[in-house]
Amino acid sequence: MKKPAPTSNPAPRQNANPTPSIIGSDVEIEGNVRTVGELQLDGAIHGDLTCGGLVMGESGAVKGSISADNVTIRGKVNGEIRARSVRLEKSAVVDGDVYHESLSVEAGAKLTGRFAHTSSPKEAKVAAAVAPTDETPSFVAKKPAAE
């Protein structure tokens with residue numbers, strides 16, 4: 001008689017690319033969502049979202065802050081966005097500030113808030129809790145120093 005093979009849960013692979021996650025249009029999540037991978041969001045999240053990359057479909061919605069490397073918005077966001085690269089497509093509706101290194105806005109996108117360029121958008125949120133940041137809205141010029 002053969003002995004059954006030992007059953008153990010394999011450890012997650014180090015340095016493996018995580019599988020992209022999909023949140024369908026019929027899904028509503030209450031609470032914070034965190035993943036290091038890519039996320040396709042067609043449903044709704046009522047909480048903060050942290051991910052490696054976000055592609056939000058037209059039916060997608062977030063009521064909370066978004067922090068990611070790359071963000072493409074086609075749906076609705078009620079909260080701040082902090083990402084290295086932000087793309088607001090024509091169907092996007094954003095009610096909140098957008099902190100970015102790179103920004104693309106298609107004609108028709110709606111924003112109630114401000115754009116602010118910063119060299120480290122994801123870390124700025126942590127620093128803001130400790131001390132005021134030197135972030136400047138993209139549409140406001142800094143005044144020259146008084147001599």
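This is a predicted model: local features need pLDDT of at least 70, side-chain atom pairs count only at pLDDT 80 or more; totals for chains, interfaces and linings use all residues.
**The whole chain**

The protein has 147 residues, and 33% of them count as buried. Its secondary structure comes to one helix and 16 strands. If you look at contacts with a separation of 6 or more, residues 24 or more positions apart account for 8% of them. The accessible surface is about 9600 Å², with 52% of that belonging to carbon and sulfur atoms.

**The nonpolar core**

In soluble globular proteins, nonpolar side chains tend to be buried together. Here the largest nonpolar core has 23 residues. Leu49, Leu54, Ile66, Val71, Ile73 and Ile81 are the ones with the most contacts inside this core.

| Strand | Residues |
|---|---|
| Strand 11 | 81–88 |

Leu49 is a handy place to start looking. Setting aside neighbours within four places in sequence, Leu49 is in contact with Val33, Leu39, Leu54, Val62, Ser65, Ile66 and Ser67.

**Glu89**

Now go to the loop between strand 11 and strand 12 (93–95), where Glu89 lies. The Glu89 side chain makes a polar contact of 2.9 Å with the side chain of Arg87. Not counting residues up to four places away in sequence, Glu89 also touches Thr72, Ile73, Arg74, Glu106 and Ala109. One of these, Ile73, is also listed among the core residues with the most contacts.

Technical notes. Residues are numbered from 1 along each chain as its sequence is written. Side-chain values use heavy atoms; hydrogens and water are left out. Helices (H or I, at least four residues) and strands (E, at least two) are DSSP runs, numbered from the N terminus. A polar contact is a pair of N or O atoms within 3.5 Å; within protein, one must be able to donate a hydrogen and the other to accept it, and residues adjacent in sequence count only if both atoms are side-chain atoms. Contact means heavy atoms within 4.5 Å. A nonpolar core is a set of buried Ala, Val, Leu, Ile, Met, Phe, Trp, Tyr and Cys residues joined through side-chain atoms within 4.5 Å. Buried means under 20% relative accessible area, exposed over 50%, partly exposed in between (1.4 Å probe, protein chains only). Accessible areas come from the Shrake-Rupley method with a 1.4 Å probe; for residues, only the protein chains shown count as cover.
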